[in-house]
Amino acid sequence: MLIERIGSRIALMFLLTLAFPAWAWPQEADMPFDHVILDREGPKDPWAKIAGDINGDAFPDVVIGGRQGPLVWYAYPTWSKAVIADGGYKTVDGELGDVDGDGDLDVVMGGLIWYENPRPGGDPAKRKWRAHKVADHPTHDVELADLDCDGDMDIITRDQSEFGHKAGNRIHIWRQDSGDKWTEKVINCPHGEAIAIGDIDRDNDPDIVIGGIWFENNRDIVNGAWNKHRFADWHPNATVQIADINGDARPDVVLSPSELKGQFYKMSWFEAPSDPKRENWTEHIIAEPIECVIHGLVTADINGDGMIDVVSSEMHQGSDPDEVAVFINRANGSAWKKQIISSRGSHFIRAADIGNDGDIDIIGANWSGGYQPIEMWENKSGGWVHLSSRKEDLPSADVGRQAASLILDIDKDGVNDFVIAGWSEETSMVWFRRTAEGWERYLLDNRKSHIEAGGTYWDIDGDGDLDILHGGSWATNEVWWWENPYPNYDPDTPWNRHTIKDSGRKQHHDQIFGDFDGDGKAELVFWNQTAQKLLIADIPDQPKKKEDWSFAEVWSWPLAFKYEGFAKADIDLDGKTDLIGGGYWFKHIEGTTYTANQIDDYGMSRSAVGDLIKGGRPEIVLGSGDGVAPLNLYCWKDGKWEKHMLIEKVDHGHTLQVEDIDGDGNLDIYTAEMYDPGPAFKCRQLILYGDGKGNFDTEVISMGIGTHEGRLGDLDGDGDIDILQKDFQKDQRVDVWLNGGTYKPKGAWWNGKYKYRLPVRVGTGSIERIDKPAEVDIDLAKELKRLCVNGSVNEGSIRIVEVASDGKVIDDSVDFQFDKALQGDAGTLAEGKLTLMLKGMTPAAGTRVFYVYFGGPSDVPAPEFEGLIACTDNVRHKDQDSIKIATTNATYYYHKKGAAFASLEDTDGNDWLGYNPGVGPISKSGSGGKYRGLPNMGYPEGYCHPGKTVSSSRIVSQGPIRVTIASESNDGKMKCRWDIFPDYARLTILKMRTPYWFLYEGTPGGKLGINSDICVRPTESGGLKTAASLKWDGDIVNLSGPGEWLYFAVPKVKRSLFLIHHEDDEGIDSYWPMNEEMTVFGFGRNGLNKFMRTLPAQFTIGLCDGISFADVSKVIDSAYRDFIIHTGPIQTQSDVENLSVSKIR
């Protein structure tokens, strides 16, 4: 059956916030939902709604049970309907679970019956579902859980007390015994309805929750006691959900009133205390008053910000409008934003990721009345916008069998285009030129080229534009490159093709350019499969002459085996780019001599490489290519490659790339399967989202669309990574998946004197930020080229405004600082780093939008802002020329020859470092003076240590928000840069003798309080707190995020000093108090042993008010966790006045 889509997006009706004033939150757009009708003529009075994977295709399906039957299921994505049972059950509720333990989902319905899924031996859409009667037992509520932890599902039921039933005062447990036998246990409870299952006391078994009471499971579920614990006084009829609302890892409870119409109550969540058996649960009201018809309640992360949201639905018999509403969790349940997605009511709604697109959708239907379609509110907030040549969203390639694809900026407009090539008697290659309306197809080659997969691009002729290179397939011994005719393009005129090889053996699957011999010039490398050789060539001075191309053998193999796949990276961190392919990595020795180092026996594979586990050597990913095999991740450990299987079976996974797709600062993996050869309609397109530590969450982007040489790149110029998908031989279709859609700037032009504006969107990710500077790398000259404008920009003409979600200006004078790149023109503005302040608090998952206006009058003076930081050079401090930096919360003294901080004074004058050139009066040790400082990295050389004289330092830039200092040792072996901001300072180590350490040798609060100061590490929930008198060592493990950190808390002054190592490692960290005069803390230190080798590396330090783990950890996360930043597309005033220009089909 066809899916009927109603409208386009469901609009937000109004905003509701509780506990926080409106000004505390940046305005934000509504969440987008599509309203989808799954079935207009579903079962009459559809009481039961369930979601889960019925047919085993890894996609959730939908089960609906009518009051009198039938019980049916709808298969995603066509929503074809099949009958499970004609009737016989008696319930409002049902559940899915593997009752018989055969690996598929069965259906349990009140009555009490469970229906056996015909899988794995039969098709659940065609075979009969066998009914198993548990008891003659009508119910209102049904839940499934392994209550006794014996490995099988038990059933929990409850009836209701309204409408004459008077049976909601008993909870029934049905323990599953062998042989399809069941033993009943009854728990008495107050009258009412609804049950929920969750591990309230966190003892690894599920407890039972009703309105205001939870029953403690002791695993002897039939004969044992179910101790009752009251947590709230609540309306007798409740809907119940269990979820961690405030992010403290404790299960909280959400309650709403379910019956009767005409009564009014409230919706609340109850915060679980550390001991849930106590009655001190704190109530937090979500909405009040509400009518007592909330018979649908789900909890899930609807907007993808990491916090649990609440969705409620009013039954149709309530007072109009009958709202289905999403309550977006703000500030861990202390505020809520309400969005109405329907006003026609629903009943017993369900939440599931329908389509596996990475967001949570809502399923529902009214239980009675005149409007009963089976509905879905499809969440479009975190998904992909799918465009396809099959839907005429973009042109067809028409190149025959589509063998190759590329993403590159052909016309130099700053936005990527893409290329499709294939095997055709006529047109063999085309390029899709990005336009304001979408893409336009241009001819590139109209000959029978028989192009093989794995092409590449480079500025081969050195004229400033990108040319294209492909090898011939099994049908030819040729390799060619096509000369970019920039700027003279015609949609019907092919490019000039130049042959560089037309002799020897055939097939050249995969080519790559790179400087593999370290001579500063790029070489071309390609496989010649039937010759059983890997070949390399320098690009000649006259690349159009075939005879000038000379190919040398990098490697050969004796057996008729097909090696393929390429990637490149500095594998051994020697500063030279290495080649990866065919299960090997190739290291340059001299001339054209390379050594082949095997990673794994995985020759006919696709290759990708990147810093997937931050720190150390890059990791390598190998996939199945033209076969069926696992997707593996290889990590360098203890002198060898350690293999980790990510996916056990990838069927013809001829797509593999690594990029940061979700913009969280961690690399992700993109892979996909062909259709035929391949798993046909089960072929998948997958993203494995990485966390930088080697863990991955998998998202199925599509299923049933074959992918051969899919590519990643920013296809719409909005700053994030999109997907180009093409198949090989089934449909010859081209698909584009835009990451969250194309961003369209909103709002009227702020000031007509300015010609251009560049949108900058700053997202907080999962971290709340307070008065946080954001750093944005921009190149305004490059942005102007997107508009075909050449010229310079006056620095004084820049202005930045902040806008709300609707484009209205909320701050027309945003504090910012622009630091030109070192190569920038001294008199004009082109490229550099823009630092702007996000004033106030920005919540987790928040996004703030700024417009950078430029191109104004030339006589406009540069804007002046009240400085948050001041810098004074050549200040004498402790006998050395120093740089003094005064910020809002500290004053730093940086020794220029020592390349280190000697003093860090808080606002009360307490020096947390306390360097002086002497010794302690009692200890007679340098711990009383000359040993102190930060970061004290180079023992015994004296690098980065106050008082030393082995380096030089200079101020690179200074402004109202940031000061940058560069230091280099006199022997050239150390280079570093400090960026000091109002609340913290960040060190980037660019060069250092390895191994090295990072030390804090100082005086917390001005004097080390051996019995009062506290060292706090994030190695356990709530922080591991140890006294400053206690020595310890061991790798710091951060449970809540990337990197490593700790802080020293001083109760006397109620302040803390935090120290962060951005890159996580396994090196030993340590602390000890030296002579009770100073701390000796070291990242990567144990005794005199150093453990850190990663370069470049970053560290952040800072002072903050407060000493509690909750307060300080929030400051730490804000200080070092990356923003998610997108820039563009650039606009002119006419663009804004004619918004249709920026539309995409």
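Author: The answer below begins with strand β5 and then turns to other parts of the chain. The model is a predicted one.

Strand β5 covers residues 71-75, and five of its five residues are buried, so the strand is largely enclosed by the rest of the structure. In a regular strand the side chains alternate between the two faces of the sheet. In β5, L71, W73 and A75 point one way, while V72 and Y74 point the other way, and all are buried.

On one side of the sequence comes strand β4 (residues 61-66), which pairs with β5 in the antiparallel sense over four bridges. Within this pairing V62 stands opposite Y74. The two strands form a hairpin with four residues between them, and in the turn G69 has a positive phi of about 105 degrees.

Strand β6 (residues 80-85) also pairs with β5 in the antiparallel sense, here over five bridges. The bridge partner of A75 is S80 in β6. This pair, too, forms a hairpin with four residues between the strands, and the turn residue with a positive phi, of about 60 degrees, is W79.

β55 is joined to strand β56 (residues 722-726) by three bridges, the two running antiparallel, and R711 stands opposite L724 in β56.

I539 lies between β41 (533-538) and β42 (552-556). Its contacts, leaving aside neighbours within four places in sequence, are W458, I460, F513, A522 and W549. Of these, F513 is 26 residues from I539 along the chain, and their C-alpha atoms are separated by 9.6 Å.

The domain assignment divides the protein chain into domain 1 (386-738), domain 2 (756-854) and domain 3 (869-1107). The C-alpha centres of domain 1 and domain 2 lie 34 Å apart.

In soluble globular proteins, nonpolar side chains tend to be buried together. The largest nonpolar core here has 49 residues, of which I885, F901, W978, F998, L1059 and F1099 touch the most other members. Strand β83 (residues 1097-1105) supplies the largest share of this core, with four residues. F998 is in contact with residues from several stretches of the sequence, including L934, P935, M937, L987, L1059, F1081, F1099 and I1101, when neighbours within four places are left aside. Another core, of 24 residues, lies apart from it and has I778, I798, F816 and F818 among its members.

The cysteines complete the account. A search of the whole structure finds zero disulfides. C871 is buried, with a relative accessible area of 18%. The closest cysteine sulfur to that of C871 belongs to C976 and is 15 Å away, too far for a bond. C149, by contrast, counts as partly exposed, because its relative accessibility is 33%.

Key:
Residues numbered from 1 in each chain as written. Predicted model: local features only at pLDDT ≥ 70, side-chain atom pairs only at ≥ 80, totals over all residues. Heavy atoms only, no water. Core = buried A, V, L, I, M, F, W, Y, C linked by side-chain atoms within 4.5 Å. Buried < 20%, exposed > 50% of the residue type's maximum accessible area, 1.4 Å probe, protein only. Contact = heavy atoms within 4.5 Å. Pairing = 2+ DSSP bridges. Domains from an automatic or database assignment. Disulfide = S-S within 2.5 Å.
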